[in-house]
Amino acid sequence: MAVVTSARAVVRPRRLDRSRAAGVLLVLPSLLYLTLFVFIPVIKAITTSFTVRDRDDAGNYTYRVGLDNYAQLATSETLRANVIFTVLIAVTSVAIVFCIAYVIALALRFGRGPSARFLGRIYIVPLFIPSVIASYAMITFLANHGFVDGILQALGLPDGVFPKIVFDWKGIVITQVWLSLPFMTVLLSSVLLEISDSLIESARDVGASSWQIFRHIVLPLSAPGALIGVTFMFLGVIGGFTVPYLLGPNAPQMLGVSMVYYMTNYFEPYIASTQAVAIFLLSLVAAVYYVRQQFKREVR
Amino acid sequence: MAAQAPALPAVRLTWWIDDPRMRRMLLRLFAGALAVFIGIPLLTLVLWSFAGEWFWPNLIPTQWSLRWWQEVLENPRVTDAMFLSFTIAPVVTALTALVAIPAGYAFARLDVPYRRLLLLLFLIPNAFPRIGLYVSLAVLYYQIGLIDTYWGIVFLHMIGTLVYMTWITTATFRSIDPHLEEAARDAGASPLRAFFSVVMPLALPGIIVASLFSFLASLDEAQGTLIVGTPHYITMPVLLYTLISSFQRPVAAVFSVLLALPSLLLLVVAQRYLHSEYVAAGLGRV
Amino acid sequence: MAEVELRNVSKVYKDTVAVDDVSLHIRDREFVALLGPSGCGKTTTLRMLAGFIRPDGGQILIDGHDVTDLPPERRPTAMVFQSYALWPHMTVADNVAFGLRLRKLARNVVEERTARMLDVVGLPGVTKRYPSQLSGGQQQRVALARALVLGPKILLLDEPLSNLDAKLRVRMRDEIRRIQQELQITTVYVTHDQEEALTMADRIAVMNKGVLQQVGDALDIYDRPATAFVADFIGSSNLLSGTLRVAGASAVAEVGTARVPVDADGLADGTAVTVSARPEDMEVLRAPAADAFALEDARLVNFGAYKRLLGRHPAFGQLEARVPKSFRLDNAPVYVRFTRARAFASDEAPADITDKAARDPARNR
């Protein structure tokens with residue numbers, strides 16, 4: 001009988017399987033690297049954030065475990081403002097990029113003709129521009145007495161009409177949008193490509209308008225893949241330094257900048273680590289979602 | 001007025017999507033706006049690099065000159081930074097390939113124990129905010145003496161490139177029919193021989209693209225290098241930070257154009273081979 | 001001289017037994033087909049022969065030598081893959097010559113043997129081309145040449161014709177058989193297509209759910225199926241449940257009120273049996289008769305050379321009989337009677353047996 005029973009013949013002792021041994025051996029170097037340069041720092045950051053340094057009367061430092069660093073983060077007016085600022089910037093940038101990138105991706109997927117082809121060529125350019133350069137380009141472009149301001153002058157508008165964009169939250173958002181557009185578009189395009197033409201045609205067949213097709217078919221089907229891009233970009237903006245450092249205001253600061261200041265200027269690894277963990281916790285939902293979805297996509 | 005208004009026919013707000021002419025026009029408008037948004041800032045930089053004199057509010061320089069180019073290229077700080085950047089990037093790329101390709105192969109083909117857990121661990125660097133990771137790494141570097149060293153920078157650059165390259169090579173190896181490799185074994189090739197005669201040549205395009213991106217990522221990495229490399233190891237993008245902060249507009253512009261050249265060269269050369277999945281696999285250089 | 005012996009070979013995946021205690025002896029120069037539905041373990045068995053999968057139990061012997069623990073590169077077997085697995089970055093000549101070069105043979109020997117083997121498979125003059133420039137049939141021949149050029153003791157073929165169109169499949173069938181005869185090579189051929197197995201193989205090994213059901217030549221398998229699964233899988237069969245009545249040398253199965261004469265080797269009186277009868281072993285009657293079944297909704301299906309009469313019996317479901325092409329249906333009722341049938345102990349439920357496309361979770365990889 002062919003039911004599922006255990007194999008009855010002599011079961012061979014499971015010799016150290018070559019494939020498994022080779023697999024372990026090949027993965028080991030990268031795992032070792034990640035342990036040393038990623039996992040240990042992450043764990044250290046977490047433990048440091050719970051370490052409090054006190055100074056006794058003799059001037060010696062004593063260390064203990066406590067939540068004081070977090071308390072400071074929550075109570076300090078500046079630090080709290082930084083946290084809120086960071087989250088707002090990240091949410092705003094991601095929302096704007098998502099909308100623009102979705103339009104480009106739709107045009108690339110369904111559009112024909114020269115405009116769509118042209119879009120396909122230009123949207124990718126920022127991917128090849130280092131973020132420092134992009135930030136600098138945006139400064140020359142958007143600064144007061146910069147290029148755009150010059151155009152407004154040429155159009156006859158009075159000096160001073162142009163708002164403050166650079167060294168303000170708007171500068172950070174615009175530059176993040178500029179930099180993240182290609183990544184989000186590529187991701188959304190690949191997600192849209194997975195929606196087969198037959199699904200769209202059958203919807204058109206029953207009389208759906210383009211908007212209805214978008215609303216009821218394209219959007220829901222692309223949502224899970226699109227959210228990978230959204231979370232990944234959210235993590236990137238929240239953990240970014242270059243753009244807010246070069247284009248952001250002095251206060252409030254994004255956590256990336258503030259953290260580096262605490263680290264290098266004040267040499268305060270405790271507060272710096274606490275901020276790092278705080279960013280991580282802030283993005284934890286996004287991080288978990290990103291890891292889970294990316295995992296589902298990549299791993300059978 | 002009490003007069004009953006005649007019922008208007010329901011006008012859908014989205015009528016224009018179904019109108020091909022309207023749609024074409026809107027698309028053209030959108031493409032044009034995007035081209036301005038992406039292109040003009042870069043063009044401004046190029047103009048600045050050749051500007052001898054440019055007083056606001058003129059829209060183009062009032063005087064052209066190559067003098068800033070000469071100044072930049074003769075500046076020893078610049079040449080030192082270029083030399084450093086171009087000695088770090090190849091080492092980062094080679095080391096990454098050496099570590100990531102075997103791992104990618106193992107994940108794609110071999111029976112790795114705890115494969116799912118390991119793949120999950122490989123996503124951690126992307127899930128932890130990058131700058132937080134760099135700051136924590138800097139703390140560790142102080143303790144083990146890697147702060148302000150060449151290898152400290154190399155290992156920091158590898159965080160991003162390793163994850164990226166492992167995912168790409170895993171996907172590349174997985175796309176190759178395993179029977180091709182088995183056929184080589186069947187013909188008498190050892191596992192190693194089968195890998196180098198059959199798998200490697202077929203995976204090469206993917207590996208080359210991944211390596212090029214790793215090279216660029218290393219060349220462009222600024223924020224981590226700034227934290228662990230100062231004051232003695234100043235790469236090109238780190239130098240650009242200081243140039244920008246010191247408000248030497250034309251000098252920074254020249255330097256920017258110089259630094260963007262390798263990437264733009266790749267864009268021109270590689271656009272044909274650039275599969276979207278390479279980018280989508282996690283290359284978000286924010 | 002090359003014989004193969006599988007001794008109690010088993011392969012277990014996480015929750016399923018892919019190959020369950022299979023023992024099979026393949027003689028020198030014999031062409032054996034492993035036949036069964038998808039997921040039956042035939043490909044797993046073949047891959048264990050080739051060395052790609054290591055059995056969890058049992059032994060594999062080639063010419064009396066235990067090769068169970070040898071990797072594929074050290075076995076005297078050569079495999080033709082279902083997907084052909086031609087290396088796309090090598091020319092046809094390089095594909096065929098790869099194994100020869102590994103053996104460090106002189107260049108002229110390599111060239112000469114490659115050319116000769118391409119001749120044997122009927123594909124001269126394509127050496128400089130790449131696999132993608134060849135048709136499916138040509139790729140098939142290259143794969144065959146690549147397998148044969150090393151002079152293997154055993155040729156293994158994994159559904160080699162499944163990617164070809166129907167006409168070409170028949171031609172390649174004859175071609176592979178011709179080459180096998182010419183080279184006198186022991187061959188194991190995996191297929192789910194009974195026609196391929198019946199026309200090509202010296203012997204057929206039928207598998208289902210990891211278990212070897214029957215080994216025999218085409219006639220054995222067709223006329224004397226060993227299990228109800230084989231009876232149903234090879235050709236088509238009418239399957240009914242009944243009770244066996246043995247009286248001396250003759251046996252009948254009571255199916256409802258009808259009595260069907262059956263072959264029932266060694267089954268005891270009173271056994272619950274599955275009765276299996278070929279459509280050609282049915283007599284079609286125009287009037288009710290003893291032991292005949294009335295057919296409802298009778299209809300004819302034309303097969304060109306003959307017709308099939310299909311109909312439903314209220315208790316036993318669909319029945320079919322083969323009838324001459326001149327056969328016509330009018331509105332009068334028709335009856336069928338079994339002239340010859342086999343009985344199998346029905347501890348295998350009929351529903352289970354007819355589950356031809358049984359989806360096994362441990363799919364052949």
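In this predicted model, strands β1(C) and β2(C) form a hairpin in which two residues lie between them. The pairing of strand β1 (residues 4-13) of chain C with strand β2 (residues 16-26) of chain C is antiparallel and extends over seven bridges. One of the paired positions is C:Tyr13, whose bridge partner in β2(C) is C:Thr16.

Chain C also holds an open sheet of five strands, which are arranged in the order β15-β19-β16-β17-β18 with antiparallel pairing. Its edge strands, each of which pairs on one side only, are β15 (282-285) and β18 (317-323) of chain C, and the twist from one strand to the next averages 40 degrees. Within this part of chain C, strand β16 (residues 293-302) and strand β19 (residues 334-338) run antiparallel and are joined by three bridges; C:Leu295 has C:Val334 in β19(C) as its bridge partner.

| Strand pair | Bridges | Sense | A bridge pair |
|---|---|---|---|
| β1(C) and β2(C) | seven bridges | antiparallel | C:Tyr13 and C:Thr16 |
| β16(C) and β19(C) | three bridges | antiparallel | C:Leu295 and C:Val334 |

The axes of helix α7 (residues 150-174) of chain B and helix α9 (residues 191-220) of chain B come within 9 Å and cross at roughly 160 degrees. Because angles over 145 degrees count as roughly antiparallel, α7(B) and α9(B) are roughly antiparallel to each other, and α7(B) passes α9(B) in a right-handed crossing. On the α7(B) side the residues that meet α9(B) include B:His157, B:Gly160, B:Tyr164, B:Ile168 and B:Phe173, while those contributed by α9(B) include B:Val199, B:Ala203, B:Ile207, B:Phe213 and B:Ser218. Sorted by class, the contact of α7(B) with α9(B) comprises ten nonpolar and eight polar residues, with no charged residues.

At the level of whole chains, the contact between chain A and chain B takes 93 residues from chain A and 84 residues from chain B. Helix α1 (residues 18-49) of chain A supplies 20 residues, the largest share of the side of chain A that touches chain B. That side of chain A divides by class into 62 nonpolar, 27 polar and four charged residues.

Terms used. Residues are numbered from 1 along each chain as its sequence is written. Chains are lettered from A and ligands numbered from 1 in the order in which they are written. This is a predicted model: local features need pLDDT of at least 70, side-chain atom pairs count only at pLDDT 80 or more; totals for chains, interfaces and linings use all residues. Axes are lines fitted to C-alpha atoms, for helices over the stretch in contact, and angles run from 0 to 180 degrees between N-to-C directions. Helices (H or I, at least four residues) and strands (E, at least two) are DSSP runs, numbered from the N terminus. Angles under 35 degrees count as roughly parallel, over 145 as roughly antiparallel, 65 to 115 as roughly perpendicular and the rest as oblique. A crossing is left-handed if the near helix is turned anticlockwise from the far one by less than a right angle, and right-handed if clockwise. Two residues are in contact if their C-beta atoms, placed from the backbone, lie within 7 Å. Ala, Val, Leu, Ile, Met, Phe, Trp, Tyr, Cys and Pro count as nonpolar, Asp, Glu, Lys and Arg as charged, and the others, Gly among them, as polar. Two strands pair if DSSP finds at least two bridges between them.
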